Amino acid sequence: VLVVGAGPVGLLLANFLGQAGLRVVVVERRTGPIPHSAAIGITPPSLQILATLGLDAEFLSRGVRVRDCMIHGEGGKLGRVSFRDIPGKFRWVLSLPQRDTNALLQDHLARFPNVSLRTGEEVTNLRQMPDHAVVEFCRTDAGDRPQCLSARWVVACGRSTLTACFITGTVMMKMMSRTSMTSTSGVMLISFITSSVSSWVPKAM
């Protein structure tokens, strides 16, 4: 499986695929962490998903638990939102900069020898074959000729990636049917329903 984009969605997916024993390559055009915080809130369902990877305790130790949110406008207080009565183990939203989320997910990939992360490489083209796809990519810091990598499955994770690559409808349909989406600060986040991952993940490369 080739995952394009090493943001929180791509890294989370790579962790799940690695845990399932699949061979995975993650390609990311950046070479370092994002300079800004981006999304800062991790919801209770996302914390439950992280718990299936054994990452919930580490995330909780790094973040701030937000149990109540006060909303203010120019005229004063507009309202209050409380997360205290949410059913389940996590009755708060965890505030954590996205760069920290990325770092924790990336560090966890080291547990899976079947997963590799390639940074500083940007996908430039994708060719669909009958039973696999061929992806062309090149180094972002050099003028080298494009390299090619083939995979049975290709998943694009991230807005810029989705506009830059043509991903077949079959792959995206299978992803969409097993995901729930929420928008935070204009960024589309995919929360994978872990109980159904095995129903669509291929068993071999």
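This text walks through a predicted protein model, from the whole chain down to single residues. Residues are numbered from 1 along each chain as its sequence is written, and side-chain values use heavy atoms, with hydrogens and water left out. Because the model is predicted, local features need pLDDT of at least 70 and side-chain atom pairs count only at pLDDT 80 or more, while totals for chains, interfaces and linings use all residues.

The pLDDT is the predictor's confidence in each residue, from 0 to 100. It averages 76 over the protein chain, and 75% of the residues score at least 70. In residues 161-205 the pLDDT is below 50, and this stretch has 73 contacts in the model beyond near neighbours in sequence. A contact means heavy atoms within 4.5 Å.

The protein chain has six helices and 14 strands. Both are DSSP runs numbered from the N terminus: helices are H or I with at least four residues, strands are E with at least two. Of the 205 residues, 42% count as buried; buried means under 20% relative accessible area, exposed over 50%, and partly exposed in between (1.4 Å probe, protein chains only). Among contacts with a separation of 6 or more, 58% link residues 24 or more positions apart.

Helix α4 covers residues 98-109. Its twelve residues reach 17 Å from first C-alpha to last, close to the 16 Å expected at 1.5 Å a residue; the expected span is 1.5 Å times one less than the number of residues. Which residues of α4 are buried? They are Gln-98, Thr-101, Asn-102, Leu-104, Leu-105, His-108 and Leu-109. They lie on the same side of α4, because they cover an arc of only 165° around the axis, taken from the directions from the helix axis to the C-beta atoms. An α-helix has 3.6 residues a turn, so residues three or four places apart point the same way. The cover over the buried residues of α4 includes α1 (8-19), α2 (44-52) and β8 (115-119).

Thr-101 is one example from α4. Its relative accessible area is 9%, and beyond neighbours within four places in sequence it is in contact with Pro-8, Ile-42, Phe-59 and Leu-96.

Glu-136 sits in strand β10 (residues 133-139). Its side chain makes a polar contact of 2.7 Å with that of Arg-127. A polar contact is a pair of N or O atoms within 3.5 Å; within protein, one must be able to donate a hydrogen and the other to accept it, and residues adjacent in sequence count only if both atoms are side-chain atoms.
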